[in-house]
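Me: I'm new to this one and would like to get my bearings. Could you walk me through some of the contacts that hold parts of the chain to each other?

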Amino acid sequence: MPPVEQVSQVAAAEQPEQVGGPRVEVLGVRHHGPGSARSVLRALDELGPELVVIEGPPELDDLVATAADPDLVPPVAALVYAVDQPRRAVFYPFAVFSPEWVALRWALEHGVEVRFADLPATHLLAGDHLDRGRDDGVDHDSGDHDAEDDDADDHDAGDHDADDHDAEPRRGRPGRAAGVALRRSDPIAALAEAAGYDDPERWWEDAVEQRRTGAETSALTHFAALREAMAGARDQLADDDDPRREAFMRRTLRAELKAGRSRIAVVCGAFHAPVLDPAAFPPVARDTALTVRQPRIKVRATWVPWSAARLGYASGYGAGVRSPGWYRHLFTTPDDAVVASWFVRVGRALREQQLDTSVASVVEATRLAGALAAVRGRPSVGLTELEDAARTVLTEGSDLPLRLIDRTLVVGEELGRVPDSTPTVPLAADLAATQRRLRLPVTAEPRTIEIDLRRESQLARSVLLHRLDLLGIGWGREVDAGRSTGTFKEAWELAWSPELAVAVIEASLYGTTVPDAAAARAAELARDASDLTALGVLIERCLLADLPDGLRAAVAVLAERTARQHDTLALLRTVEPLSRTCRYGDVRGVDLGEVSAVLETVVVRVAVGLRAACVGLDDDGAQTARTAVESADRGITLLDRPALTGPWRQALAAVAADDRVHGSVSGRATRLLLDAGLVDRDTAARRLARRLSTGTPAPAAAAWLDGFLTGEAMLLIHGDDLLATIDGWLAAAPEPVFEDLLPLVRRTFARFEPGERRLLGERLRRIGTGERVVEASLGLDLALAAPALATVTRLLGLPGPEDDR
């Protein structure tokens with residue numbers, strides 16, 4: 001098989017002139033290829049068609065007029081989704097250097113009609129072909145392709161989003177799935193091998209993307225040569241779904257020819273080009289058999305922003321390219337300035353990261369890149385030469401700075417923009433308006449913002465982000481707010497991904513505005529909650545999202561279920577989220593009377609049933625119970641209300657005194673009572689001694705000790721009685737028992753901080769030598785400390801001495 005350059009010469013001599021009849025020129029391209037885009041521009045200028053047909057579902061015809069809007073800035077994607085099942089959706093991305101985008105804008109600028117031709121999305125998303133593809137067992141369109149496959153892949157072979165045959169619906173995090181078909185072998189690899197290349201990507205770069213032709217060379221001749229070469233490569237490489245797609249494409253062409261079109265330009269993937277030439281059309285009956293009786297579903301199309309990173313095949317996009325940022329630069333920069341201006345951008349990016357980059361170094365890197373291309377016999381400087389030159393001259397052999405260049409320049413960080421007039425669902429319009437009102441910029445790159453909840457505008461930002469999180473629109477992710485122990489500060493990391501457009505459309509089923517949709521979603525989650533813990537967490541989320549209606553719905557369901565719930569541990573797990581809701585609700589000005597009433601009821605019921613629930617547990621059950629007890633204690637301590645602490649601590653006392661309770665739970669209850677001041681140190685020491693006596697099985701004693709010692713080690717450091725008891729217990733254990741105890745006790749003490757373990761070691765050494773440890777006097781002067789204590793008391797809102805008068 002001859003390479004494209006040789007085929008071009010033959011095609012130039014053999015291509016017949018089309019006179020006296022309709023002329024159809026098929027321009028086979030690589031999706032998102034700048035060389036293909038340049039060739040398409042020249043071919044369209046040369047042909048001057050009266051109709052441009054572009055590969056894509058006919059539903060995109062409705063979006064053609066919007067493409068002329070100057071506020072539609074690539075990268076963008078045409079999103080087609082099922083109206084009743086928005087998760088069934090497919091993206092068709094466009095970049096400024098995409099041949100399809102170039103053809104679309106050329107047609108709009110020249111007043112030429114545009115049609116899209118491919119398998120209609122109404123059939124694609126209906127599901128029938130998904131089932132058949134699933135039976136085939138090979139995923140073609142899910143986007144999991146190698147770089148070589150990307151060169152001539154189909155426009156829709158990339159991001160299809162979440163249909164019901166794939167994973168669970170995506171929440172926050174981007175999911176990919178949907179159009180499923182067999183993955184075809186790589187036709188570009190076959191052409192590259194025939195041309196003597198071992199790297200198909202590099203062959204396509206040299207032959208097409210970086211090919212510079214003079215004005216005297218016909219672009220149509222070049223496309224004819226590529227079409228002829230592809231015809232020889234595709235015979236054994238067809239995909240099972242290609243005949244159906246190509247039948248729909250030919251149906252559109254036949255209809256336009258029948259309508260009297262005389263000059264038609266077809267822009268499609270290079271793989272399809274040979275079979276879209278009218279001279280190669282099969283009988284009409286054969287195409288009709290492939291296009292009739294197709295499943296249908298109601299669909300709608302709109303434009304959504306896309307990102308440069310999502311154009312890369314590293315993101316999983318099947319028709320993606322390795323270097324979207326470089327391709328954009330290659331397409332938009334004059335030929336004689338491509339290399340020099342690229343290194344200017346590289347130098348600027350390195351300097352922004354405080355990396356020294358001189359003008360002389362930039363000049364030297366530019367010269368070296370040109371020399372490398374000449375030595376390697378490449379038609380022009382490519383990305384490989386640019387990277388090698390940058391590594392040698394600018395980064396002194398280090399790959400770390402090149403990772404920055406790769407992310408910011410080679411791939412790029414651009415996020416497209418769509419105009420306000422774009423047809424969309426009301427929820428998306430409301431979200432966009434809210435983002436503008438709150439001055440929350442939408443960017444593809446992660447950006448961390450801090451929110452002060454005491455400021456009304458900042459609080460509104462927090463409310464919006466919590467509502468979106470409840471709707472499954474994962475634009476923001478709450479992160480650590482840093483050195484802040486108060487409740488008035490939040491930190492969020494924001495990053496917009498194109499898949500969130502589908503999440504917004506899906507969420508629009510719940511309402512037309514963000515508040516209404518979030519409230520309806522909260523009510524649905526409340527009805528579908530699997531347990532009381534989920535309801536408790538949902539109530540807290542409704543508080544943070546300022547959803548009074550959703551909060552009332554969740555509280556009503558919780559009240560109903562708690563009345564019928566007899567599982568004490570399930571009730572225990574609801575205490576902490578409800579307590580947090582009551583404690584921090586005042587920050588957001590929410591009436592929480594109903595939540596408080598439910599919480600008091602839950603705590604009373606827990607207090608009654610706690611002792612019985614903790615008897616007769618095995619080790620796993622005891623660990624579950626202990627975790628639930630700790631959680632409930634944190635919540636009740638947080639509120640510190642007598643109506644809650646009274647019955648709760650009585651229940652803890654009953655658990656701690658019952659020898660039938662598993663040691664892990666009993667020991668933990670004892671420690672919680674000790675920390676609350678309801679059990680003195682002497683009582684705790686007696687219980688410890690009794691639990692570690694020789695009459696108690698060693699594993700049970702170790703479990704009680706683990707529960708008792710969980711927390712800070714100050715309990716053992718200040719005073720020798722408890723530590724001496726533990727030391728004596730271990731020293732008296734027989735060797736086989738000691739070997740069994742060692743990993744259990746070791747795990748308990750491993751939870752302490754290194755400094756605490758060091759102090760414990762010093763204490764044990766003194767106990768072993770009989771040395772008496774004398775506690776040093778702190779020598780506090782309370783009179784001097786009184787003003788500071790009064791200030792701290794006032795800041796914390798605690799009652800002071802003057803309040804007692």
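Me: Okay, which residue does Arg668 meet in a salt bridge?

Reply: Keep in mind that this is a predicted model. The side chains of the two partners come together with N and O 2.8 Å apart. For Arg668, the partner is Glu630.

Me: And how many residues apart are Arg668 and Glu630?

Reply: Arg668 sits in helix H27, residues 663-675. Glu630 belongs to helix H25, residues 619-639. The pair therefore links distant parts of the chain, and the separation is 38 residues.

Me: Is Arg668 buried or exposed?

Reply: The cut-off for buried is under 20% relative accessible area. Glu630 has 17% relative accessibility, so that one counts as buried. Arg668 comes out at 10%, so Arg668 also counts as buried.

Me: Let's move on to Asp659. Which residue does Asp659 form a salt bridge with, and which helix holds that partner?

Reply: The closest N and O atoms of this salt bridge are 3.0 Å apart, and the partner of Asp659 is Arg690. Asp659 itself lies in the loop between helix H26 (642-657) and H27, so the bridge ties together parts that are 31 residues apart in sequence. Arg690 counts as partly exposed because its relative accessibility is 40%. The helix that holds Arg690 is H28, residues 681-691.

Me: What about Asp388: where is its partner Arg376?

Reply: These two side chains meet in a salt bridge, 2.8 Å from N to O. Asp388 is in helix H15 (residues 383-394), twelve residues away from Arg376. Arg376 is in the loop between helix H14 (359-375) and H15.

Me: Which residues are linked with Arg376 and Asp388 in a network of salt bridges?

Reply: A search of the whole structure turns up 39 salt bridges. Arg376, partly exposed at 35% relative accessibility, is part of a network along with Asp388.

Me: Now for the strands. Which strand pairs with S9 over six bridges?

Reply: S9 covers residues 447-452, and its partner strand covers residues 489-494.

Me: How many bridges does S10 have with S11?

Reply: S10 spans residues 476-479 and pairs with S11 in the antiparallel sense. Within this pairing, Gly476 has Leu494 as its bridge partner in S11. The number of bridges between S10 and S11 is four.

Terms used:
Residues are numbered from 1 along each chain as its sequence is written. This is a predicted model: local features need pLDDT of at least 70, side-chain atom pairs count only at pLDDT 80 or more; totals for chains, interfaces and linings use all residues. Side-chain values use heavy atoms; hydrogens and water are left out. A salt bridge is a side-chain nitrogen of Lys or Arg within 4 Å of a carboxyl oxygen of Asp or Glu. Helices (H or I, at least four residues) and strands (E, at least two) are DSSP runs, numbered from the N terminus. Buried means under 20% relative accessible area, exposed over 50%, partly exposed in between (1.4 Å probe, protein chains only). Two strands pair if DSSP finds at least two bridges between them.
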